[in-house]
Amino acid sequence: ADAARHAYWNVLMTLEIGVRDAEGVATSHERTNLEEGGAHNEIVMDLENNADGRRIGRQLPPNATRQDCRNAVLNALNAGVLTIIDELTNINERGLLEPSDEQTAN
C-alpha cells in the first residue's frame, strides 16, 4: 500500500504541477524523513516509488482522471514496477527492497 500511495501521490503532482516541481516536493519530503531518523531502506523505497509515479504521470494524458491515475499505479504495482519492503525475510526486521510483484513465501 505504501508503494502505491507514494506512486499515486507523484502521479497526481506530476499532472498538477509538473514533473520538476513534483520531484522537488517529494524529495524534500523524504529528506525531512531522513533528517528525522527515518529508516534508510524505507526512504530509498519511497524515493524509488516517487520516481516511478512521476514516470507514470508523464505517460498519462494531461486530462487523465483520478481513476486513470489509480489504474496506472495499480498496473505498475501488479507488474512489479514499484518497490516494496519484504519485512518477513530479513532478520533485522528492516526489510529487503524487492519488486512489487514478488510473492513472499510464508
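Is Asp52 buried, partly exposed or exposed? Asp52 is buried, with a relative accessible area of 7%; here buried stands for under 20% relative accessible area, exposed for over 50%, and partly exposed for what lies in between, with a 1.4 Å probe and protein chains only.

The model is a predicted one, in which local features need pLDDT of at least 70 and side-chain atom pairs count only at pLDDT 80 or more, while totals for chains, interfaces and linings use all residues. Residues are numbered from 1 along each chain as its sequence is written, and side-chain values use heavy atoms, with hydrogens and water left out.

**Overall layout**

The protein chain has four helices and two strands, in the order α-α-α-α-β-β along the sequence. These elements are DSSP runs numbered from the N terminus: helices are H or I with at least four residues, strands are E with at least two. Of the 106 residues, 39% count as buried. The chain exposes about 6600 Å², and carbon and sulfur atoms supply 49% of that area; accessible areas come from the Shrake-Rupley method with a 1.4 Å probe, and for residues only the protein chains shown count as cover. Among contacts (heavy atoms within 4.5 Å) between residues at least 6 apart in sequence, 53% join residues at least 24 apart.

**Nonpolar core**

In soluble globular proteins, nonpolar side chains tend to be buried together. A nonpolar core is taken as a set of buried Ala, Val, Leu, Ile, Met, Phe, Trp, Tyr and Cys residues joined through side-chain atoms within 4.5 Å. The largest such core has 14 residues, and those with the most contacts inside it include Tyr8, Val11, Ile56 and Leu82. Helices α1 (2-17) and α4 (66-79) are the elements that give two or more residues to this core, and α1 gives the most, with six residues. Leaving aside residues up to four places away in sequence, Ile56 touches Val11, Ala72, Val73 and Ala76.

**Charged residues**

Side chains of opposite charge can pair when their charged atoms come close. A salt bridge requires a side-chain nitrogen of Lys or Arg within 4 Å of a carboxyl oxygen of Asp or Glu. The count by this rule is three.

| Salt bridge | N to O distance |
|---|---|
| Asp2 and Arg5 | 2.2 Å |
| Glu35 and Arg31 | 3.0 Å |
| Arg55 and Asp52 | 2.1 Å |

Asp2 and Arg5 both lie in helix α1, three residues apart, about one turn of the helix. Asp2 is partly exposed at 27%, whereas Arg5 is exposed at 53%. Glu35 and Arg31 are separated by about one helical turn because they are four residues apart in helix α2 (residues 19-35). Glu35 is exposed at 55% relative accessibility, and Arg31 is exposed at 57%. Arg55 and Asp52 are three residues apart in helix α3, so about one helical turn separates them.

Arg54 is buried yet has no salt bridge, and the nearest side chain of opposite charge, Glu23, is 4.2 Å away. For charge, Lys and Arg count as positive and Asp and Glu as negative, with His and the chain ends not counted. Beyond residues up to four places away in sequence, Arg54 touches Asn10, Thr14, Val19, Ala22, Glu23 and Ala26.

**Thr83**

Thr83 sits in strand β1 (residues 83-86) and is buried at 9% relative accessible area. Thr83 and Ala3 are 80 residues apart in sequence but 6.3 Å apart in space, C-alpha to C-alpha.
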